[in-house]
Amino acid sequence: MYSRTYKTLVAVPPLLWVGVFLLLPYALMFSHSFWLVRDGFLVHQWNLQNYRALFTNPLYLQVFLRTTRIAASVTLCSLLLGYPLAYYLSFHAGPRKELLYQLVIIPLWVSYLVRGYAWKTILGSDGVLNGFLQYLHITHAPVSFFLYSPFAVILMLTHIYTPFVFLPIYAALEHIPRPLVEASQDLGANRRATFLRVILPLSIPGLLAGATFAFVLSLGDFLAPLLVGGPSATMIANIVQSLFGAAYDWPLGAAISVCILLITISLLFATEQLEKRWSFK
Amino acid sequence: MSVAGAIAPQNAAASSAPLLEIRDIAKRFGHAEVLKNISLQIAPGEFLTLLGESGSGKTTLLRLIAGFEQPTSGQIWMAGERLDALPPYRRRVNTVFQNYALFPHLSVRENVAYGLRVKSTPKNEIAARVEDALAMVKMRDFGEARPATLSGGQQQRIALARALINRPELLLLDEPLSALDANLRKQMQSELKTLQREIGIAFLFVTHDQDEAMALSDRIALLRNGALEQVASPREIYSHPATTYAAQFIGQTNLLRGEVRGGSATCGAIRIYPVSGPDGPATFSLRPEAIKGIIDATIGTPYMEFKATIRQQIYAGATELLEVDCAGQLLRVRVPAGERLEGEHEFVFAPRDAARIRD
């Protein structure tokens, strides 16, 4: 048995960490969202004006819907790329498995910013993609909508978050006992039926975890729209950033943040419940 | 793979034709030779056991028949059809897996129904057949349960019901009882044997447990390092082991090594006559219980006698095992439990119980 002193000593650092870096900032943010700014000064006067602004100004709703749309697209695209990749690696890659796994992981070691700038170089008017298309005589003038569009944001975020989607799915697939797959075939199910009836249902917790990663991380992203998105792809985090920066309206920014936080937390809670329902031991 | 040009098993229509015919099957994994030119036949309704130590290739042979592995060479035929060219889901054999491999996300009923569902069987037929299958393994009350909530023995029954619902002509069982504790194991052995007799389909049973093999099988195929050591009924293999390995693997035995000359053998201080076969060096297997401390009615004439000193006496309930020394040759003798024995004693055995070994 551990002594009381030992238990206290072990518990203090993480509690301190959570308190100082998580609970305190959240409490500050929460308080700010009920204050207001008057003549360029923060006034500690409790009110609901910020939240009212959020729900009455259509701009915020519009940006929020766009953000959700982009995040959903990124989630779908990463799943469409990540799941088949994970499936192939887990079931059919054979001796190439380790190498391919490393290849999927390596981009995670490269700075997010570097990858953002790389996409800028690829998608720009005189970028690699346009140069290539003109070289092949598919287009005759640079195509401008590659860069500075929701498309560019979805592309970049999909590139960045696919490994995050891949990893939990791959882990889930690796945990499926292979005799289950054999049992399915033994009982008369071909590859397709075996996938739909055994492999897919048993990989749903990984699929949900991956989808949650992609969606939640995309929902709060502000660098991709900043680097490759342009005005037509402004996302909710960009609004928050400008409210905390140039616009100097911390209370409104805090109110939006609180909303995003609530959405994220309910999402995490919901997927956790779903994952539980689909996990079998 | 082309079937053209291959010779179909002869007399495929005759009732005595084998259900499954393994012809010259070899399997290599890289440089490891796991199976070396195995040929084996299974008759309809037969209970055949593949017996061997781990690494003997018995599970690999089963997986070749199920279709989870491809043979390096050789063919497998079933009822006039080339089996090894078919994918697992087209083969009319079903498997009971070592750790049952029940689908954890499906209920017991859905697990059992699986084989019928994937073949788009009508719903009411599925329901009826699943009920029958569950009744057959005495698990009707557990239809809605998840496999994880069942005990090992119950999971075992569900695995059986699931594999039998497709009405295969051959059921493959890969060490199905190895995960159960000793008592349950004995009970399941007897249920398995009863079930096999009732439904009358052939069982190919893999085990490393020689007692289990003896108790269940019509025939035992003893595997050693990927080759067949002996294929015979339990009685035959016990009383006439073909090799020293077979003699020692199945039951306990005394190996008497000596010389045969003119119908009589000399193994140290022990003489055996009459013996058949050519003159020369020979090995005999003499089971401990074939040696007796007194001359009884089963011995007959002529009987062989030898004198030996008791070295150890190990009590085992109904019987006890003696370790005796016959002029430097150590022998094991199983006698009915009795009083403590010491010193030199006279022992007898019938010459027909000393089985001459081929190798």
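V240(A) has 19 C-beta neighbours inside 10 Å and therefore counts as partly exposed, a residue being called buried only if 20 or more other C-beta atoms lie within 10 Å of its own. This and everything that follows is computed from a predicted model. V240(A) belongs to helix α11 of chain A, which covers residues 236-244. Leaving aside its neighbours within four places in sequence, V240(A) is in contact with G253(A), I256(A) and S257(A).

Another helix of chain A, α1, spans residues 4-32 and carries a kink of about 35° that is centred on G19(A). How many of the 29 residues of α1(A) are buried? The number is one, so α1(A) lies largely in the open.

Chain B contains eight helices and 19 strands, and its C-alpha atoms fill a box of roughly 75 × 50 × 40 Å when taken along the principal axes. Of its 359 residues, 39% count as buried. Among the contacts in chain B with a separation of 6 or more, 63% are accounted for by residues 24 or more positions apart.

The domain assignment divides chain B into domain 1, residues 20-244, and domain 2, residues 252-357. The C-alpha centres of domain 1 of chain B and domain 2 of chain B lie 39 Å apart, and the contact between them takes five residues from domain 1 and five residues from domain 2. On the side of domain 1 of chain B that touches domain 2 of chain B, the classes are one nonpolar, four polar and no charged residues.

Between the two chains, 19 residues of chain B are in contact with 17 residues of chain A. On the chain B side of this contact, β6 (93-96) and α2 (108-117) each supply at least two residues. The residues of chain B that touch chain A divide into eleven nonpolar, six polar and two charged. The two contact sides described for chain B are set out below by residue class.

| Contact side | Nonpolar | Polar | Charged |
|---|---|---|---|
| Side of chain B that touches chain A | eleven nonpolar residues | six polar residues | two charged residues |
| Side of domain 1 of chain B that touches domain 2 of chain B | one nonpolar residue | four polar residues | no charged residues |

Definitions and conventions: Residues numbered from 1 in each chain as written. Chains lettered and ligands numbered in written order. Predicted model: local features only at pLDDT ≥ 70, side-chain atom pairs only at ≥ 80, totals over all residues. Contact = placed C-beta atoms within 7 Å. Helix = DSSP H or I, 4+ residues; strand = E, 2+ residues; numbered from the N terminus. Nonpolar A, V, L, I, M, F, W, Y, C, P; charged D, E, K, R; others polar. Bend = angle between axes of the 7 residues up to and from the residue. Buried ≥ 20, exposed ≤ 12 C-beta atoms within 10 Å, placed from the backbone. Domains from an automatic or database assignment.
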